[in-house]
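Hi everyone, thanks for coming.

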Amino acid sequence: MTIEEPDHRVKHPPFSFELFPPRTAAAAHSLWDTIHELAAVGPDFMSVTYGANGSSRQSSLQVLQHLRENTAVHPLAHLTCVGSSHFEANRLVREFLDAGITSFLALRGDPPQGAAEGDQFLGDLGSASELVQLIHRVQTERAQYSTLQSRSATGGGHIPSSRSKVRVAVAAFPNGHPRSRRSNQDIDTLLAKQVSGATMAITQLFFHAEDYVRFVSEAQAAGVTIPILPGLMPATSPARLERILDLTGERRPEELSRRLHGTDSIDRQAAVGIEHATALATEVLDAGAPGLHLYTFNQHRAVLSVLEGAGLTAAASTNKESA
Ligand code: FAD
């Protein structure tokens, strides 16, 4: 079962997790434990982020390979194209496909600090849509090449279909990308990504269910038909909330912020963040979200508590049984 092709015999919506590549050997060790705990609840996939300008290419690939070799979980690779030439982007996609990765989150990526839009930093590929097309093109070429090889080896064979079987997710921004210039620009961009071959969208995190519900409704009215998976992160400390706001440019959730900053107890802060994320998860699922994508910060406890609170932990065993 996948988010794009749900199995309606499974009663609960699917869920997935986001990880980032570790920066030290100790962090890697603890990440393997986290992955083990997360894999046990049967996620649809786990995604691994990609450092700005390819800085984590090797370590991202290492985590994806760990998922392939040591778990039953489907790995999904984030890739960015900012600053790459066509040749480099082509080679990057090929390298991940060669490693057995067939699911991607195609992103434009952020420019280096201080660079202006239109600068050279953008490279040959100016948007995530172009990377979506490139991934499909590279995969199709590979499929054709391997069929030609097997046909010449066996003297026969079939011609592969031109659209290959890769999952290509894209990012969506319910409250607008920080650099958007008009309110419907993000919906137009999402529509362009769908036309380019995206099979699913994952949202930037948000703090109010109505932001997601409004965005999905406007996107669907504009012609978006791919599933839009809500991205949620439990803000389990004031520091984490500040970091999230800094990274995403999202508006401060006043009530959550007040409650997190209102106690010095680490346990109480974690409980506040989990309670907020659980309520949000329940609201978006009730409103028809096709599943949940949880940003883990490479820690399992908080996201597993959210799933349990939202009544999806039973889904874990159901999903595994029916897989
Ligand atoms: P695009 O879809 O090409 O554009 C995004 C939006 O930016 C558009 O909707 C448009 O409104 C606006 N925009 C784009 N170009 C312009 C322009 N020239 N002028 C004005 N506005 C413009 N980054 C990483 O480096 N690594 C990751 O692993 C990563 N993972 C992410 C996962 C998710 C779920 C999300 C939501 C974001 C992630 N990002 C990651 C951040 C992402 O790279 C940035 O948000 C980037 O600025 C935009 O990427 P995009 O793929 O959305 O680009």
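First, some housekeeping. This is a predicted model, so keep in mind that local features need pLDDT of at least 70, side-chain atom pairs count only at pLDDT 80 or more, and totals for chains, interfaces and linings use all residues. Residues are numbered from 1 along each chain as its sequence is written, and side-chain values use heavy atoms, with hydrogens and water left out.

Okay, the overall picture. The chain has 11 helices and 9 strands. Those are DSSP runs, numbered from the N terminus: helices are H or I with at least four residues, strands are E with at least two. Out of 323 residues, 50% are buried. Buried means under 20% relative accessible area, exposed means over 50%, and partly exposed is in between, using a 1.4 Å probe and protein chains only. The accessible surface of the chain is about 15,600 Å², and 50% of that belongs to carbon and sulfur atoms. Those areas come from the Shrake-Rupley method with a 1.4 Å probe, and for residues only the protein chains shown count as cover. Now contacts, meaning heavy atoms within 4.5 Å: among those between residues at least 6 apart in sequence, 78% join residues at least 24 apart.

On to the ligand. Which residues come nearest to it? Of the 25 around it, the answer is Y50, D110, H177, S180 and K193. A residue gets onto that list if one of its heavy atoms lies within 4 Å. Strand 3 (74-80), strand 4 (103-107) and helix 5 each supply at least two residues of the shell, and helix 5 gives the most, with 4 residues.

There are polar contacts here too. That term means a pair of N or O atoms within 3.5 Å; within protein, one must be able to donate a hydrogen and the other to accept it, and residues adjacent in sequence count only if both atoms are side-chain atoms. A backbone N or O atom of R108 sits 2.8 Å from a ligand oxygen, and a polar backbone atom of G109 is 3.2 Å from an oxygen of the ligand. R181 uses its side chain instead: an N or O atom there is 3.3 Å from a ligand nitrogen. On its own the ligand has 970 Å² of accessible area, and the protein covers 88% of that.

Now the charged pairs. Side chains of opposite charge can pair when their charged atoms come close. We call it a salt bridge if a side-chain nitrogen of Lys or Arg is within 4 Å of a carboxyl oxygen of Asp or Glu. How many are there in the whole structure? The search finds 10.

One of them joins D98 and R142, at 2.5 Å from N to O. D98 is in helix 3 (residues 86-98) and R142 in helix 4 (residues 128-154), 44 residues apart, so this pair links distant parts of the chain. D98 counts as exposed because its relative accessibility is 55%, while R142, at 23%, is partly exposed.

D110 is in the loop between strand 4 and helix 4, and R179 is in the loop between strand 5 (167-172) and helix 5, so the pair ties together parts 69 residues apart in sequence.

Now for a charged residue without a partner. D186 lies in helix 5 (residues 185-196). D186 is buried yet has no salt bridge, and the nearest side chain of opposite charge, K193, is 7.5 Å away. For charge, Lys and Arg count as positive and Asp and Glu as negative, while His and the chain ends are not counted. What does the side chain of D186 reach? The backbone nitrogen of H177, at 3.0 Å.

Last stop: the loop between strand 9 (292-295) and helix 10 (301-309), where we find F297. Most residues other than glycine have a negative phi. F297, not a glycine, has a positive phi of about 55 degrees. N298 lies in that loop too, and its phi is also positive, near 60 degrees. F297 is partly exposed at 25% relative accessible area, whereas N298 counts as buried at 11%.
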